[in-house]
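Let us walk through a protein model step by step. Keep the sequence and the 3D view side by side.

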Amino acid sequence: MSQDFGVVNSPGEGQSSRILVHMLAQFLLAVRYRKNVVIASLVACALLGGLYFATATRFYGAKAGMLMMQTGMDEAGLVAGQFGEQRNLMKTFESVVSSPRVIEGALERLRRAEDRVDLAGVPKERWVHVLRGNLSTKVVPTTNILEVSYQSKDPAVAVTVLNAVIDSYLTFLDQTHKGTAGEISRVLTKERVELAGQLQQRQQELIEAKRYFGDLGSNQGGEILNPVIKRAIYFTDELNAVQRQRIELQATLAAIQTAVRNGEDLQQHLLSVAETVGRELLMESFGLGVEHARVRGLVQEQLIRDRAELQTMQGRLGAAHPEMVARRALIRQAEEYLQTYETQSADVVGRMQRAQIGPLLIHMVQQKLSETLTQENALQAQCEASRAEAVDLTGRLATLDVLEHDVERLRNLNDVLTSRIASLDLQQDGQEVRAAVIDQPMVNTAPISPRLPRVGMIAIVLGLGIGLGIVYVLDILDDRFRSPEDMQHQLGVPVLAMIRQLPTTETVGLDSLQVHVAPTATESEAFRTLRTALALADQDLNRIVVTSAEPGDGKTTVLANLAVCYAQSGKKTLLVDGDLRRPGLTNLMQMQACEGLSTILRSDDDVAREATAHIQASGIDKLDVLPSGPRSANPAELLAGPRMADLIDWAGTLYDRILIDSPPALATSDAAVLGRLVDGVLLVIQPDKNHRRGVIRAVESLVSLRIAVPGVVLNRIGNEKGHGYYGYGYGYGYGYATQEEPAEDALAGVFEDSSEPPRPLATSPGVVPRRVA
């Protein structure tokens, strides 16, 4: 049966977990093999951790809690909706605590030398950096509580420094919010001073006019009937109203610009903008116009009526009545509409970040201020023109009346400014952001660093990590197979047998063959295991080439002992030394002077006649040997010729088994040439010697030429535990009968009547009983 012998097949998705488990198992074996490295790493890290714990500087901590409150949110929330802005403010408060300005203020409060223990030996320009490094802040989740902590070399200093930081922070908040109101107050005060000068000038003119004309404050019962004078008075009143509006807009613009520069909360300005610019215009800028509010109001009114009607219907109709069902459906739709409206409104305002609200408010106020100035200029021009007409019409009487109205207008405007400045002064006393210390820092004599459990845990984790990392690197650098399972996984062929290290002998010939000298010895059983595995393979393996990846792997010894096993089981076997370059089998059998394979291949006579003439008896029943013969200058060409194929075909008619010794697969192409003529190539590997890449390359070179590789044989495995690398230990815990039983024939009889094809049997550790894939 033809087989496809692949080296490493790409794993499917179903095999990924098995591959991962296999890799993990191999790594655990590596850790077990090199456990001393891991133990040494743990001990070293433990010693370093203990040294650090004994010599490290002790740090002590102090912690305080502050409750952050913002006033005025309810009123501003009518426009802004209070959509999570407080959470953003808490992040701002947290950042401000460790800001350079607050730290510098704290340093100014630490005047004593004993309060600057942590700054000893540090340049002054780095004091802020050091203090910030020892300071930490965090916001307690779902609360407005800000926790501030500080660590120091002295527990009392930790409390002192933390108190200084909190004091500096509270001072900064007070100055910041009072400074905003003060900026607005200065602008309005300057405006009021200028207005006071105008008022004084107009009052002086009015006094002089009255002194000149006498008491002419009223005419015809105090009523002025001339339309020209009425128009002048009207434009004067309108100018007064527009100027008041301009002053309000200028004050609002200054307040918003100051708040933007200081990074303050802008929600408190939304209400003032709504009053000056117009609530409808502001809501439309957020996508929530008058039409939306009107529709929402209608839906709310209808919802109230539907609920009342449902309450009335419940007394006379059942719950399943169609009218009841329809009314409840209307109520549910109205409630869903209102919920959707609130959600959309929240989303619209929520997406407006501070960086967008500030420029939007400034733009709206500036636009309104520009319109007001334009209107004021127009009214001023109209007022001047009307005043000139009135003067021309009524003379000095109209002038007197205009002066009285100007004085009244200026007085009203002065009152407005005075009231606004007074309200700002009150606002400075009731600041919008308040902070209260709810958890005072206390002296803690227990150090927070270093902590023994933490140091121990870090030492263990670091020791394990370094140890496992070293094991992994050593495992990667070691280019050997870790175990028989690893070899099978990477080569894609089974391990047919594991042959232990044979006793050293100086004899040659048949006396050097373990199976012939000691057939019942433990070492001889591995060759019978190999013979059984080949007999139970999925294909006929009557003609086999034995090779290795490198010279000196023991392929000739394995081949000769396997041939003796076949002969002992009653199989007529032919041993062929196909290594025409370094004929190891010929030397082993002491047939250096005999003609052999090279003679047959160079000859033009009949192959059968030549082979019969040159095949030598081995001295063991049913075992013959064909030596290599004289050295040849072109061994590859001889082996690739037709006479080699004819020789194997002829031998197949006379012998049950044909075993051919070939040069190493990586050294020459002779193994591949011979492999095309036989049933399979058996690769002998010495795990302690062969490198993984070389063995894989040898198997790949054979498989790429579609040469069957039924399996590999592990040679020279040590007896002691853990020998070689990870798992090549070998041994038997039972004895053998003194009489050899032909195992292959006996097993053939067992499976003679079975419909299930025979499978290889694992009789030694490391041999995997699976079909050749």
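Axes here are lines fitted to C-alpha atoms, for helices over the stretch in contact, and angles run from 0 to 180 degrees between N-to-C directions. Helices (H or I, at least four residues) and strands (E, at least two) are DSSP runs, numbered from the N terminus. The model is predicted: local features need pLDDT of at least 70, side-chain atom pairs count only at pLDDT 80 or more, and totals for chains, interfaces and linings use all residues. Residues are numbered from 1 along each chain as its sequence is written, and side-chain values use heavy atoms, with hydrogens and water left out.

Begin with the whole chain. The protein chain has 27 helices and 12 strands. Of its 773 residues, 45% count as buried (under 20% relative accessible area, with a 1.4 Å probe and protein chains only). Now take contacts, meaning heavy atoms within 4.5 Å. Among those between residues at least 6 apart in sequence, 82% join residues at least 24 apart.

Next, look at helix H1, residues 16–33. Its axis and that of helix H16 (residues 484–491) come within 11 Å and cross at roughly 140 degrees. Angles under 35 degrees count as roughly parallel, over 145 as roughly antiparallel, 65 to 115 as roughly perpendicular and the rest as oblique. H1 and H16 are therefore oblique to each other. Which residues meet? Ile19, His22 and Gln26 in H1 meet Glu485, Asp486 and His489 in H16. By class, these are one nonpolar, three polar and two charged. Ala, Val, Leu, Ile, Met, Phe, Trp, Tyr, Cys and Pro count as nonpolar, Asp, Glu, Lys and Arg as charged, and the others, Gly among them, as polar.

H1 also meets helix H15, residues 452–477. The axes of H1 and H15 come within 10 Å and cross at roughly 105 degrees. The two helices are therefore roughly perpendicular to each other. Phe27, Ala30 and Val31 of H1 touch Leu468, Val471, Tyr472 and Asp475 of H15. This contact has six nonpolar, no polar and one charged residues.

Finally, turn to the nonpolar cores. Such a core is a set of buried Ala, Val, Leu, Ile, Met, Phe, Trp, Tyr and Cys residues joined through side-chain atoms within 4.5 Å. The largest has 47 residues, and Leu491, Leu597, Met644 and Ile660 touch the most other members. Helix H26 (residues 692–704) gives the most to this core, with six residues. A second, separate core of 37 residues includes Ala526, Ala567, Leu588 and Leu682.

Definitions and conventions. Buried < 20%, exposed > 50% of the residue type's maximum accessible area, 1.4 Å probe, protein only.
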